[in-house]
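Sequence and structure go here, and my notes come after.

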Amino acid sequence: MKRSLAIITALIMCLALCLPAGAARLQADAPLSVRGVPSEVPASAQEWEVLRLVNIERMNDGSLPLTMFSAMQTATDIRALELFQSFSHTRPDGTSCFTVFDEVGIEWSNVGENIAAGQQTPAAVMNSWMNSSGHRANILSPDFKHIGVGYTYSSGTQYGAYWVQLFCTGFNCHYTSFEILGEADMSTSVDGLELAGRFTCGEGYCYMPLTSAMCVGDSTANGVRTLTFSCFGLTAAVSASSSLQLGDVDGDGTVSISDALLAMRHAMGVISLPADRFERANIDGDGDVDISDAVSILRLAMGIV
């Protein structure tokens with residue numbers, strides 16, 4: 001079967017900063033090291049962030065996002081370490097970089113590779129790649145569905161930090177399920193929640209960060225916030241409940257007649273409830289505190305269902 005190869009060598013390399021000696025795959029020191037990487041995802045914080053940035057670029061360009069899966073990450077782990085020995089699309093044993101796909105058991109119809117060295121952050125390496133026409137073409141190509149991202153650091157090498165992206169489309173790349181990994185809350189922005197999507201295709205479980213561009217619904221009703229995401233023709237949702245008890249307007253832990261009176265006074269324009277009290281008084285979740293809410297709170301206080 002015809003295979004297409006897209007091989008691009010990084011043109012932009014900057015000298016690595018002097019970092020303490022250490023083994024390969026050094027983790028980031030600060031907040032990036034804990035940035036929304038689910039425990040089951042086989043990626044470091046740096047690699048996950050590169051995928052997030054790749055998908056932002058792709059979606060801004062009108063292309064579908066990419067997902068990563070375990071075997072792709074194994075392939076990029078291998079290639080990233082090989083770049084220490086030979087910064088080239090030819091492997092140290094003299095074979096093409098794409099033989100790594102056979103090594104880890106990935107069957108493909110389209111593949112590509114980007115490499116880079118010296119950049120200290122995901123943002124820096126993505127800037128280098130996006131400012132090189134060939135690398136950019138790989139990143140934005142509609143012919144790819146999956147990506148592997150590799151990052152390795154060693155102070156004993158010429159450039160210190162080495163990066164690789166492997167792209168592929170398999171022969172059975174059709175997503176059949178979509179689940180959300182992570183938890184929502186009542187107030188954090190969609191991107192701040194750092195949720196991940198877990199998809200099933202012919203390669204097994206595939207993962208990607210979920211972003212606000214993928215969110216098709218963010219609503220709150222009756223103290224429950226529901227976020228809905230749509231990707232690859234599939235939809236999934238995650239919800240979070242308020243820790244505040246509806247009807248307990250004054251926040252004293254009980255629903256009483258005084259709570260109903262507060263809601264009534266707000267409905268009549270006598271007072272204006274602050275945001276937290278307004279939320280607890282808005283029993284019917286319609287975005288307004290009116291007489292019907294006050295009556296509902298009174299019924300709760302009196303034990304009338």
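My entries below cover a hairpin, a helix and a surface patch.

Before anything else, I note that this is a predicted model.

I began with strand 8 (residues 215-221) and strand 9 (residues 224-231). How many bridges join strand 8 to strand 9? I got six, with the two strands running antiparallel. I also looked up cysteine 215, and its bridge partner in strand 9 is phenylalanine 229. Then I went to the turn: two residues sit between the strands of this hairpin, and asparagine 222 takes a positive phi there, near 50°.

**Helix 6.** After helix 6 I found glycine 269, which has a positive phi, near 85°.

**Surface patch.** Last, I looked for nonpolar side chains on the surface. Which residues form the nonpolar patch? I listed Ile257, Leu261, Leu298, Met302 and Ile304, with about 450 Å² of accessible area together. I placed isoleucine 304 in the segment after helix 8. Is isoleucine 304 buried, exposed or partly exposed? I put it down as partly exposed, because its relative accessibility is 38%, and that class lies between under 20% for buried and over 50% for exposed.

Note on methods: Residues numbered from 1 in each chain as written. Predicted model: local features only at pLDDT ≥ 70, side-chain atom pairs only at ≥ 80, totals over all residues. Heavy atoms only, no water. Pairing = 2+ DSSP bridges. Helix = DSSP H or I, 4+ residues; strand = E, 2+ residues; numbered from the N terminus. Patch = residues over 30% accessible without salt bridge, like charges linked within 9 Å, V, L, I, M, F, W, Y side chains within 5 Å. Areas by Shrake-Rupley, 256 points an atom, 1.4 Å probe, with all protein chains shown as cover. Salt bridge = Lys/Arg side-chain N within 4 Å of Asp/Glu carboxyl O. Buried < 20%, exposed > 50% of the residue type's maximum accessible area, 1.4 Å probe, protein only.
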